[in-house]
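Hello,

Here is the structure I promised to pass on. Please look it over first, then read the notes below.

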Amino acid sequence: MKHLAAYLLLALAGNTSPSAEDVKTVLSSVGIDADEERLNKLIAELEGKDLQELIAEGSTKLASVPSGGAAAAAPAAGGAAAGGAAAAPAEEKEEEKEESDEDMGFGLFD
């Protein structure tokens, strides 16, 4: 992922076809060593391709991936008893946090 991020930064800066050395330079500037094998594979995969088209294609593929929002709505409709039971532990955890802050011996405005 770090190799792709560096490649995209270079492309965004105007370098239309960043080389492996360009990517290595970006990564080394922030103290990261490049993995030669992965970097060479990335450069080979992206060679001659339009990044804007690849990003658009990837966005359409991500749009078809379920995000889990529908599954979360089903338990919420399970009834008031389930909702009440779920709310109680959250309140207890919040109270425990407040107590631990008081044990430190100072408050927010001290």
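**Overall fold**

The protein chain has six helices and zero strands. Read along the sequence, the pattern is α-α-α-α-α-α. Please keep in mind that this is a predicted model.

Of the 110 residues of the protein chain, 12% count as buried. The chain exposes about 8,800 Å². Carbon and sulfur atoms supply 57% of that area. Take the contacts between residues at least 6 apart in sequence: 45% of them join residues at least 24 apart.

**Confidence**

The average pLDDT of the protein chain is 77. A score of at least 70 is reached by 62% of the residues. Among the elements, helix H2 has the highest mean pLDDT, at 94. Helix H6 (residues 80-102) has the lowest, at 54. Where pLDDT is low, the predicted coordinates should not be read in detail.

UniProt lists residues 1-20 as "signal peptide", in an unreviewed entry. In the model, residues 1-20 are 60% helix and 0% strand. The end C-alpha atoms of this stretch are 14 Å apart.

**The nonpolar core**

Which residues make up the largest nonpolar core? There are eleven: Ala6, Tyr7, Leu10, Ala20, Val23, Leu27, Leu39, Leu42, Ile43, Leu46 and Leu51. Three helices each supply at least two residues of this core: H1 (2-12), H2 (20-29) and H3 (36-46). H3 gives the most, with four residues.

Leu27 is found in helix H2. Its relative accessibility is 4%, so Leu27 counts as buried. Leaving out residues up to four places away in sequence, Leu27 touches Lys2, His3, Ala6, Ile32 and Ala34. The C-alpha atoms of Leu27 and Ala5 are separated by 9.4 Å. Along the chain, Leu27 and Ala5 are 22 residues apart.

Next, His3. His3 lies in helix H1. Is His3 buried or exposed? His3 is buried, with a relative accessible area of 6%. Neighbours within four places in sequence aside, His3 is in contact with Val23, Leu27, Ala34, Asp35, Arg38, Leu39 and Leu42.

Leu42 is one of the core residues. With residues up to four places away in sequence not counted, Leu42 touches His3, Leu4 and Tyr7.

Ala44 makes a contrast. Ala44 also has its place in helix H3. However, Ala44 is exposed, with a relative accessible area of 52%. The C-alpha atoms of Ala44 and Ser19 are separated by 10.0 Å. These two residues are 25 residues apart along the chain.

**Salt bridges**

Side chains of opposite charge can pair when their charged atoms come close. How many salt bridges are there? The count comes to four. Three of interest follow.

- Glu21 with Lys24: the closest N and O atoms are 3.3 Å apart. Glu21 and Lys24 both lie in helix H2. They are three residues apart, about one turn of the helix.
- Glu36 with Lys24: the closest N and O atoms are 2.5 Å apart. Glu36 lies in helix H3 and Lys24 in helix H2, so the pair ties together parts that are twelve residues apart in sequence. Glu36 counts as partly exposed, at 40% relative accessibility.
- Lys61 with Glu57: the N to O distance is 3.4 Å. Lys61 and Glu57 are four residues apart in helix H4 (residues 51-63), so about one helical turn separates them. Lys61 is exposed, with a relative accessible area of 54%. Glu57 counts as partly exposed, at 42% relative accessibility.

Glu21, Lys24 and Glu36 form one network, joined by salt bridges that share partners.

**Where to look**

For the charged pairs, begin with Lys24, which forms salt bridges with Glu21 and Glu36. Helix H6 has the lowest mean pLDDT among the elements.

Best wishes

Definitions and conventions:
Residues numbered from 1 in each chain as written. Predicted model: local features only at pLDDT ≥ 70, side-chain atom pairs only at ≥ 80, totals over all residues. Heavy atoms only, no water. UniProt positions renumbered as here; feature names shortened; annotations may be inferred. Core = buried A, V, L, I, M, F, W, Y, C linked by side-chain atoms within 4.5 Å. Buried < 20%, exposed > 50% of the residue type's maximum accessible area, 1.4 Å probe, protein only. Contact = heavy atoms within 4.5 Å. Areas by Shrake-Rupley, 256 points an atom, 1.4 Å probe, with all protein chains shown as cover. Salt bridge = Lys/Arg side-chain N within 4 Å of Asp/Glu carboxyl O. pLDDT = per-residue confidence, 0-100.
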